[in-house]
Amino acid sequence: MLANRVSSLTPSATLAITAKARELREEGYDVIGLGAGEPDFNTPHNILEQAKKAMEQGYTKYTPSGGLLSLKKAVSAKFERDQNLHYDASEIIICTGAKHALYTLFQAVLNEGDEVLIPTPYWVSYPEQVKLAGGAPVFIKTYEENEFKITISSLQAAVTSNTKAIVLNSPSNPTGMIYTREELEMIGKFCVQHNILIISDEIYEKLVYDKYRHVSIAELSEDIKKQTIIINGVSKSHAMTGWRIGYAAGDKQIIKAMTSLASHSTSNPTSIAQYAAIEAYNGDQSVVEEMRVAFQKRLNIIYEELIKTPGITCLKPHGAFYLFPNVSKAANLAGYDTVDKWVEGLLDEAKVALVPGSGFGAPHNARLSYATSLDELGRAVERIRNFMKNRM
Ligand code: PLP
């Protein structure tokens, strides 16, 4: 009964490990889950209050398909404030999460066989969403020695006459790497020259540490901005993963097509969540900074601990909330021939859940999320070290 389009879908690696960890927990084991891609903080109180108010005032009906004008205005003001970028309401669509903004975008711009450049390691949903829209993912391999970043020569080698778009994700899930202004300038100019649509997923924009700064590629020139669609949302910045509010900003015609698609699929993002998101952007932003500082502290502590583990090497991330260590040597030392099996062994024996890098196109690595308390993180690293000690 199934359609061809779902037969080649790869289930999300992140969700698979989370499900296994849950099963073990239900059996009574004390599992430490470092697989989740969401902040462990509660949604800030002022946002909850506005959602309650919206419900009580009866804002529980359909909204325009592309989202409330007042939310689009709040998003537009956020772009002015943070990036000095100007987007009219007609250049913004509110979607049910950044994931669905990406899905709708690929549906709106891809024809059968159009190629989309995806730097590897990549966030798990990009290639699947491209395929669902009839497109062909073209992976650009990146290397740890180059901080997992694409170069102009790697771009040149990947471009064909069928190249339609590129997906950039800075800060990156899973590597935590951030492109500098200069690097983005080179990529942006290349894409303008080759008429490649830039899809810039900036969902981790607010989670940037130490001396690093987030730069949106659309800031760099009017030509680059014209050819860029920014994807963002409140999930990671405001601890609002469950509310499902994300958005896309860019070319009016593309946004119009996406809105038309949304009118036949979601109708609109949840009305109450939209009112909450207005408060997220128009209200006090100090909580966003408090969460960032907490993540930075965890990163700095846990990174130093993790790299003391035999066989584990790791680039220090500058953003998001993941460590993406190379654990292939650790897997060998512990007697496993693949990282996938090492991750499975770690969960079975040490009851620590990581996500194998194979799901992100990086079979030598594993992803560890530090969106959990320092106490849990400390216990997890201790378990990983003991697991290695016992198996060596
Ligand atoms: N883009 C990246 C790189 C992500 O890691 C995620 C969530 O994990 C998303 C997009 C989707 O975020 P949302 O919760 O807004 O759908």
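**View 1. Isoleucine 94 of strand S2 faces tyrosine 247 of strand S8.** In this close-up, the bridge partner of isoleucine 94 in S8 is tyrosine 247. The model shown here and in the other views is predicted. S2 (residues 92-95) and S8 (residues 246-249) run antiparallel to each other and are joined over four bridges. Strands of a sheet are held in pairs by backbone hydrogen bonds, in either a parallel or an antiparallel arrangement. Which residues of S2 point one way, and which the other way? Ile92 and Ile94 point one way, Ile93 and Cys95 point the other way, and all are buried. In a regular strand, side chains alternate between the two faces of the sheet.

View 2. Strand S3 (residues 115-120) pairs with S5 in the parallel sense over three bridges. In this pair, leucine 117 is opposite isoleucine 166 of S5. Strand S6 (residues 197-201) also runs parallel to S5, and five bridges join these two strands. Here valine 167 is opposite isoleucine 199 of S6.

View 3. Proline 171 belongs to the loop between S5 and helix H8 (181-193). The peptide bond from serine 170 to proline 171 is cis, and its omega is near -5°. Proline 174 is also found in the loop between S5 and H8. The bond joining asparagine 173 and proline 174 is cis as well, with omega about 20°.

View 4. The largest nonpolar core has 118 residues. Which residues have the most contacts inside this core? They are Leu105, Ile199, Ala248, Ala277 and Val352. Helix H5 (residues 98-109) gives the most to the core, with eight residues. Why does the core lie between the domains? Domain 1 (4-42 + 286-391) and domain 2 (61-282) both give residues to the core, so it lies between them. Leaving out residues up to four places away in sequence, alanine 277 touches Leu71, Val234, Trp243 and Ile245. In soluble globular proteins, nonpolar side chains tend to be buried together.

**View 5. Domain 1 and domain 2 are in contact.** The C-alpha centres of the two domains lie 26 Å apart. In domain 1, 33 residues are in contact with 30 residues of domain 2. Helix H2 (13-26) and helix H12 (286-306) each supply at least two residues of the side of domain 1 that touches domain 2. The largest share of that side, six residues, comes from H12. By class, the side of domain 1 that touches domain 2 has 16 nonpolar, 13 polar and four charged residues.

**View 6. Thirteen residues surround the ligand.** The closest of the 13 residues are Gly97, Ala98, Lys99, Gly233 and Ser235. How many residues of each class are in the shell around the ligand? The shell has three nonpolar, eight polar and two charged residues.

**View 7. Strands S9, S12 and S11 form an open sheet.** The three strands are arranged in the order S9-S12-S11, and their pairing is antiparallel. Strand S9 (322-323) and strand S11 (355-356) stand at the edges with a single partner strand each, so one side of each has no neighbour in the sheet. S9 pairs with strand S12 (residues 366-369) over two bridges. Tyrosine 322 is opposite serine 369 in S12.

**View 8. Phenylalanine 148 and aspartate 210 have positive phi values.** Phenylalanine 148 lies in the loop between strand S4 (136-141) and helix H7 (152-158), and its phi is near 55°. Aspartate 210 lies in the loop between S6 and helix H9 (222-226), and its phi is near 50°. Is each residue buried or exposed? Phenylalanine 148 has 22 other C-beta atoms within 10 Å and is buried. Aspartate 210 has 10 other C-beta atoms within 10 Å and is exposed.

**View 9. Lysine 329 is part of helix H13.** This helix covers residues 328-333. Lysine 329 has 13 C-beta neighbours inside 10 Å and counts as partly exposed.

Technical notes. Residues are numbered from 1 along each chain as its sequence is written. This is a predicted model: local features need pLDDT of at least 70, side-chain atom pairs count only at pLDDT 80 or more; totals for chains, interfaces and linings use all residues. A nonpolar core is a set of buried Ala, Val, Leu, Ile, Met, Phe, Trp, Tyr and Cys residues joined through C-beta atoms within 7 Å. A residue is buried if 20 or more other C-beta atoms lie within 10 Å of its own, exposed if 12 or fewer, and partly exposed in between; C-beta atoms are placed from the backbone. Domain bounds come from an automatic or database domain assignment. Two residues are in contact if their C-beta atoms, placed from the backbone, lie within 7 Å. A residue is near a molecule or strand if its C-beta atom, placed from the backbone, lies within 6 Å of it. Ala, Val, Leu, Ile, Met, Phe, Trp, Tyr, Cys and Pro count as nonpolar, Asp, Glu, Lys and Arg as charged, and the others, Gly among them, as polar. Two strands pair if DSSP finds at least two bridges between them.
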